[in-house]
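Please go through the structure below with this short report at hand.

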Amino acid sequence: MSVIDDIKANIDIVDLINSMGVGLRRSGRSFVGFCPFHPNTRTPAFHVYPDTQSFYCFGCHASGTAFDFVMRKQGLDFKGALELLAARAGIRLEPKNDAQRQEDARRARLLEINGIAARYFNYVLLNLSRGEPGRDYIAKRGINQDAIDAFQIGYSLDDWSHLFSYLHEKKGYSVEDLITAGLVIPGERGPYDRFRNRIIFPIRNMRGEVIGFGGRALGDAQPKYLNTPETPLFKKSEVLYGLDLARDAIRTANRAIVVEGYVDVITAHQHGFRNVVAPLGTALSKAHINQLKRLTDQVYLALDADAAGQKATLRGLETIRTTSEEEGEGRMVTTAQGIVRLENDATIRIIRLPAGRDPDEVIAADPQLWQTLVDQAAPVMDFYLEAYTAGLDMHDPTQQRQALERIIPLLSELDGAAQRVYVARVEQLTGVRSELLVDLIRARLQPTRRSERNRASRPSTPPLPAISPVSTTPLDEHRRHTEAYLLTLALRYPSVNLAIENLLENLKKQHRDAGALFGAGLEDLLEEPLHQAIWQAYLATPLELRPTDPESLQFWVDTLGEPLSSEAKALLEILNRRPDDVRFRHEAEQCARLIRKAQIMARIRRYKERLDELTDEEEIQQVLQHIRDLSSYAEQITRPRQSSTFPDLRNLLGQ
């Protein structure tokens, strides 16, 4: 029995969810309450099933085990949820080796140093006479005492060693640890303070622990904004300022607003807009999106309206697009309304700010105007068209071509009606006839289609033994083995991820209503917590460091901590294939179909159980329609694919 199974056996999910603020009442064999993941106050839609130790919301479709609930409710990764639930269950996790214990001790010291430094900076701002320049700046920006306390804003003296002397001589921390924390810089004449004569903004992780600092210069020092360098605690490109304070508000509003600077976030929170966060001087990244998607599927970007702000917005969008496509998870797609979203993760909109005004200026001067701008946030496709044609003369063929080179790749991603709508809009903007635009789109798509035909024409090796059919009981042994086999294929062969995404997306398009209940990524098929954690660790690995062959895969597995490493090694024992075997995509698709079928059947069972509790005829009919849609979806998933060589028999029969 694994530690995961031990934790599950020792935790009652009903007690867990009740203890985390969700009031549940018994209803037949299940418990019901109001969902903590989306606003609902009329009809309790959140169901907890003691028999399977799982939960499901009929409103927002959140579902999973105790691990899923804790990760989503607390905004934790799997490791954090594992530690929390193990402590709750009274289970001791596997002892760490000496190196791990030393690393934990070092991290604890760095967190302690940062916490003391944050209190020091805050004390200097509020109490020392030499903190007057900081107080003047804070007053000028309209930041009140409540905001100072909530964000623990501070001030660093215009002194080369004031903080160093305090931490080293009075508190006894080593020079090495102070340098590692990023607070002190080694110099020829001795260590000196990194932050001098700056407003200090402590940067905290999701747990509220201080992991770094941002400093805004008050004088002519450069750079204007200075952050803690990369440390064992702090990676600038992965942190969102204010997320620890914004977490609950983002979940309640089901909307995260991303602004540019520290003061933008502070001013927003001060005026009651607490779902606002900011990257630390970097473009919005996939790591940022991964943090936000645990809390919401709606991300709004509110960057400066000037040319620099527009370029920053484009950089952020392009970063999301390129990293998503490279990782094979959640490619950028555009809905019929022109909203670009990270598939299965987040819808992205752009808040258009008045020219020359920052978010904090708008919020402080007119909070209602800010709310209006948020409500009127533009679809990303509209933003792209405006940005890519701004400043260009559409009567000049050279500049026309420049605009089309940027726009055609976007149009080629659209489907059906959405593409026709935006082709017409581009025709109006550029003066290029729609027929020519369509030809350019087709020309862009043709190389991809030729590549697909070439792959299909390659000879295949004999298939492996067929996989046993999966039971519809969630996570029974058949299901667990199938899921493990699929994950192993995805780890060994990077292209499996994209193949599964394409398969699930195509199935979803054929049954839009039922398909919308399920994600279209490989991660949406994994329900075993260890499998989820291994896959998330893989996705978190930089692209250039991901394993591409058995040797590098084994090395990568060895870098995982326990219990992930042991589980991943067990997975690798499942797969013993030749590197030139090209049938792995077909095998992976078989697994995906079986797992998705099991997920659909589990959803149907839940709807049938809910029928016994309903009395309103309209609700009964809605649930029955859901069951019919899901049944049709399940039938489509298991229907054999038409042969590309011989006509399908149904075609010959005219069916």
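## Cysteines

In this predicted model, Cys57 has a relative accessibility of 0% and therefore counts as buried. The cut-off for buried is under 20% relative accessible area. Cys57 takes part in no disulfide. Its nearest cysteine sulfur belongs to Cys35 and lies 3.6 Å away.

Across the whole structure, the search for disulfides returns 0.

## Overall make-up

The protein has 655 residues, and 49% of them are buried. Its secondary structure comprises 28 helices and 19 strands.

What share of the contacts with a separation of 6 or more joins residues 24 or more positions apart? The share is 64%. The accessible surface amounts to about 31,600 Å². Carbon and sulfur atoms account for 49% of that surface.

## Helix 20 against helix 25

Helix 20 spans residues 477-492, and helix 25 spans residues 564-574. The two pack with their axes 9 Å apart, at an angle of about 90 degrees. Angles from 65 to 115 degrees count as roughly perpendicular, so helix 20 is roughly perpendicular to helix 25.

Which residues make the contact? Helix 20 contributes Ala484, Tyr485, Leu487 and Thr488. Helix 25 contributes Leu571, Leu572 and Ile574. By class, the contact holds 6 nonpolar residues and 1 polar residue, with no charged residues.

## Leu564

Leu564 belongs to helix 25. Is this residue buried or exposed? Its relative accessible area is 14%, so Leu564 is buried.

Leaving aside residues up to four places away in sequence, Leu564 touches Phe78, Leu530, Ala533 and Ile534. Ala533 sits 31 residues from Leu564 along the chain. The C-alpha atoms of Leu564 and Ala533 are separated by 7.4 Å.

Notes: Residues are numbered from 1 along each chain as its sequence is written. This is a predicted model: local features need pLDDT of at least 70, side-chain atom pairs count only at pLDDT 80 or more; totals for chains, interfaces and linings use all residues. Side-chain values use heavy atoms; hydrogens and water are left out. Helices (H or I, at least four residues) and strands (E, at least two) are DSSP runs, numbered from the N terminus. Buried means under 20% relative accessible area, exposed over 50%, partly exposed in between (1.4 Å probe, protein chains only). Contact means heavy atoms within 4.5 Å. Accessible areas come from the Shrake-Rupley method with a 1.4 Å probe; for residues, only the protein chains shown count as cover. Axes are lines fitted to C-alpha atoms, for helices over the stretch in contact, and angles run from 0 to 180 degrees between N-to-C directions. Angles under 35 degrees count as roughly parallel, over 145 as roughly antiparallel, 65 to 115 as roughly perpendicular and the rest as oblique. Ala, Val, Leu, Ile, Met, Phe, Trp, Tyr, Cys and Pro count as nonpolar, Asp, Glu, Lys and Arg as charged, and the others, Gly among them, as polar. A disulfide is a pair of cysteine sulfur atoms within 2.5 Å.
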